[in-house]
Amino acid sequence: AAEAPPVISPASGSQHVEAVQVTMAADGPGVAIFYSTDGSTPRVTGMRYDGKAVEIRRIGTVRVRAIAVSDSKGTSSVAEATYTVSPAPGETCVFGG
């Protein structure tokens with residue numbers, strides 16, 4: 001069987017203000033997690049998750065995708081979570097002047 005996909009937290013579809021703190025968990029020891037924060041397909045040559053929360057400060061829709069990779073089971077299917085990040089109250093975009 002292939003490696004189980006990683007679990008991405010918080011739950012997909014959740015709303016956040018200013019930034020979202022994302023954590024990922026794999027199903028067992030010796031499993032590496034690789035991820036993307038721009039919606040692209042994660043690759044083993046890309047960003048490797050180091051166990052600490054990843055803070056994403058981007059207003060709008062944030063799409064995190066991740067794969068789990070192990071020597072014994074290979075590469076998992078892609079796990080995906082989408083978040084909505086809004087500006088802090090009182091912070092508005094000012095155009096012109």
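Student: Which residue of strand 9 does Gln-15 stand opposite?

Tutor: Gln-15 faces Thr-84 in strand 9, where a strand is a DSSP run of E with at least two residues, numbered from the N terminus. The model is predicted, so local features need pLDDT of at least 70 and side-chain atom pairs pLDDT 80 or more, while totals for chains, interfaces and linings use all residues. Residues are numbered from 1 along each chain as its sequence is written, and side-chain values use heavy atoms, with hydrogens and water left out.

Student: How do you know that strand 2 and strand 9 pair, and in which sense do they run?

Tutor: Two strands pair if DSSP finds at least two bridges between them. Strand 2, residues 15–17, is joined to strand 9 by three bridges, and the two run parallel, so by that definition they count as a pair. Strand 9 also pairs with strand 7, over seven bridges and in the antiparallel sense, and here Val-62 has Tyr-83 as its bridge partner.

Student: Why is Ser-36 called buried, and why is Glu-18 called partly exposed?

Tutor: Buried means under 20% relative accessible area and exposed over 50%, with partly exposed in between (1.4 Å probe, protein chains only). Ser-36, a residue of strand 4, has 4%, and is therefore buried. Glu-18, in the loop between strand 2 and strand 3, has 29% and so counts as partly exposed.

Student: What makes the backbone of Glu-18 and the bond from Ser-9 to Pro-10 worth a remark?

Tutor: Most residues other than glycine have a negative phi, and most peptide bonds are trans. Glu-18 has a positive phi, near 70 degrees, and the bond from Ser-9 to Pro-10 is cis, with omega near 0 degrees.

Student: Which residues touch the most other members of the largest nonpolar core?

Tutor: A nonpolar core is a set of buried Ala, Val, Leu, Ile, Met, Phe, Trp, Tyr and Cys residues joined through side-chain atoms within 4.5 Å. Of the 16 residues in the largest one, those that touch the most other members are Ile-8, Val-22, Met-24, Ile-56, Val-64 and Tyr-83. Strand 9 gives the largest share of this core, four residues.
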